[in-house]
Amino acid sequence: MADMAVRQQAEPGPAPAAGSLTGPVNPDPLNVGGAFLEVAHHLMADPAKLADAQMKLWQDYAKLWANTTDRFLGRPAAPVVEPDKGDKRFKDAGWQDGPVFDFLKQSYLLTSRWVQSTMSQAEGVDPKVARKAEFYAKQFLDALSPSNFVLTNPEVMRATIESSGENLVKGWENLVEDIERGHGKLAVKMVDAKAFTVGETIATAPGQVVYQNDLMQLLQFEPTTKQVYKRPLFIVPPWINKYYILDLKPQNSFIRWMVDKGYTVFVVSWNQPDENTADKTFESYMREGILEGLDAVKKATGEDEVTAIGYCIGGTLMAATLAWMAQKKIDRIKAVTFFAAQVDFTEAGELSVFTDEDTVKHLENLMSEKGYLDGSEMATTFNMLRANDLIWSFVVNNYLLGKEPFPFDLLYWNSDCTRMPAKMHSFYLRNMYQKNLLSQPGQLELAGEKLDLRQIRIPVYLQASKDDHIAPYRSVYKATQLYGGPVRFMMAGSGHIAGVINHPDAKKYQHWLNDTKTNPPNVEDWIKGAKEYPGSWWDDWDKWLAPKSGEKVPARKPGDGKLKVIEPAPGSYVKKRIVD
């Protein structure tokens with residue numbers, strides 16, 4: 001790695017393409033090589049520790065060679081190292097049954113874990129640099145897994161022999177198709193896009209678009225009960241992805257479930273940014289998304305007061321907006337729920353690798369060309385957090401086995417990329433991830449007001465997920481110490497999506513609750529006093545929200561109020577795809 005870094009820094013970059021900015025192209029704009037070089041420097045500064053680590057590796061290899069010899073001689077031999085429980089790369093029986101493939105698997109696991117362990121032991125390295133080097137080292141190690149190559153994957157070898165190589169021919173066709181679909185970049189196909197149609201097979205909850213501007217459409221959903229709660233429920237999803245994660249199919253639709261519970265549900269559906277929306281800012285999303293949305297809800301229902309939900313970055317925006325509204329003495333949202341939303345970014349997890357100065361400057365250069373960050377860049381970032389599941393498993397399936405991806409609604413949604421407006425995204429990365437200003441009273445200014453989360457005194461339901469890599473529960477929990485009102489914190493099983501979208505009928509996963517009146521400063525202390533409950537947390541949340549939603553009134557239908565129907569849900573904005 002050190003050798004690669006030196007060569008990368010020494011070699012001049014390729015000449016720029018015609019019409020592009022002058023000057024050579026930086027071959028390492030994220031300075032990954034520099035991070036490796038610094039870690040290597042600190043490792044070599046302590047040769048005794050490095051020698052001990054090297055000796056441990058050779059000892060493990062000696063055990064592996066001896067065990068492999070025993071297996072060739074027909075004697076039983078316990079494995080030296082085994083894959084993690086959730087590692088799906090080596091689930092094929094060939095990895096265990098054949099001594100050669102078993103040796104390849106174990107030698108890879110020994111080496112990759114040794115590299116990661118040794119790098120983590122480097123002393124004196126800046127924590128941000130160490131985190132970047134360890135993250136990208138894992139990317140390289142994942143890429144070099146023997147499961148990713150024809151001759152070292154028993155399942156692929158077996159398929160190649162049985163089909164006389166037809167799997168590789170089909171895989172090559174899939175590869176070429178993905179490069180063409182990505183316009184020269186490899187856009188790995190995760191799902192058959194023709195298997196789903198937004199508004200027909202997914203995002204099918206009945207409703208209407210009742211308001212729109214150039215940034216969003218507001219959807220109001222048809223009631224299924226004769227009476228509904230007086231206060232409407234206003235949902236602000238992330239614009240990093242599309243809203244219909246809340247309405248994939250009837251069996252797991254959060255929107256349908258809430259409508260059936262007697263809530264009048266409004267959801268923001270964000271538009272797909274382009275060159276014309278390059279100047280949209282974080283403040284634009286507040287004004288044209290939440291504030292105009294609240295005004296539209298009032299016109300549609302006659303109700304000034306609502307309850308609200310903010311999901312992921314939509315939750316960060318919701319918190320900032322509530323702090324702004326508190327400064328302006330605007331009291332229209334009477335209770336708020338946050339799904340996987342961060343407001344304190346000191347422990348933001350693996351995504352912080354992509355928010356250092358080198359990376360942010362690189363993203364700003366990319367965005368300056370078109371006025372937005374391309375959706376493929378965002379998709380790659382999130383996929384890298386789970387590379388084995390969201391990148392390499394499809395490389396093996398599509399290109400080595402020559403199979404078509406499984407038609408999975410969640411993966412269709414995941415591949416339905418969205419763009420980020422340049423000014424908004426730069427503001428978000430620099431002021432939230434880099435400077436962490438929202439968590440500091442009076443440090444972040446929005447629309448002329450200095451924000452203070454302590455001024456948010458309405459009831460808060462704070463959802464986090466145990467295995468969330470995007471909004472880690474430790475990071476989400478920090479908000480319990482920032483809001484000025486009562487906060488009910490709940491930790492769900494699974495991750496960023498499945499931890500939220502978990503219909504009670506599915507009877508999957510679990511959740512934890514702690515009925516303490518005051519949340520302790522440390523999440524570990526909260527966990528010690530928490531009780532585990534099986535299944536979904538939705539019922540607990542409904543019991544929390546219902547008393548805060550007012551009395552029951554006759555059901556409202558879209559178009560009954562001052563806002564007339566524009567078009568049927570899910571609307572036209574959500575159907576804009578940038579990758580087919």
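**Exercise 1. The sheet**

In what order do the eleven strands form an open sheet, and what is the pairing?

Solution. Before starting, note that this is a predicted model, in which local features need pLDDT of at least 70 and side-chain atom pairs count only at pLDDT 80 or more, while totals for chains, interfaces and linings use all residues. Residues are numbered from 1 along each chain as its sequence is written, and side-chain values use heavy atoms, with hydrogens and water left out.

Strands (E, at least two residues) and helices (H or I, at least four) are DSSP runs numbered from the N terminus, and two strands pair if DSSP finds at least two bridges between them. Reading across the open sheet, the order is E15-E14-E13-E12-E7-E6-E4-E5-E2-E1-E17, with mixed pairing. Strand E15 (531-534) and strand E17 (567-568) stand at the edges with a single partner strand each, so one side of each is left without a neighbour in the sheet.

**Exercise 2. Strand E1 and its partners**

Describe how E1 is joined to E2 and to E17.

Solution. Begin with strand E1 (residues 207-212) and strand E2 (residues 216-221), which run antiparallel and are joined by five bridges. A hairpin through three residues joins E1 to E2. Within this pair, Gly207 has Phe221 as its bridge partner, and Val209 stands opposite Leu219. Turn next to E17, which runs antiparallel to E1 and is joined to it by two bridges; here the bridge partner of Val209 is Glu567.

**Exercise 3. The cavities**

Find how many cavities of 30 Å³ or more the structure holds, and describe their linings.

Solution. On a 1 Å grid over the protein atoms alone, a cavity is a set of points where a 1.4 Å probe fits but cannot get out, and lining residues have an atom within 4 Å of a point; a volume is the space filled by probe spheres set on the points, which are joined across faces, edges and corners. By this test there are two such cavities.

The largest cavity has a volume of about 120 Å³. Of the 18 residues that line the largest cavity, the closest to its centre are Asn241, Lys242, Trp270, Asn271 and Thr418. Strand E5 (residues 265-270) gives the most to this lining, with three residues.

The second largest cavity has a volume of about 30 Å³, and its lining consists of Leu43, Lys49, Leu50, Ala53, Thr118 and Gln121. Helix H3 (residues 47-72) supplies the largest share of that lining, three residues.

Technical notes
1 Å grid on protein atoms, 1.4 Å probe; cavity = no way out; pocket = protein on both sides within 12 Å on 5 of 7 lines; lining within 4 Å.
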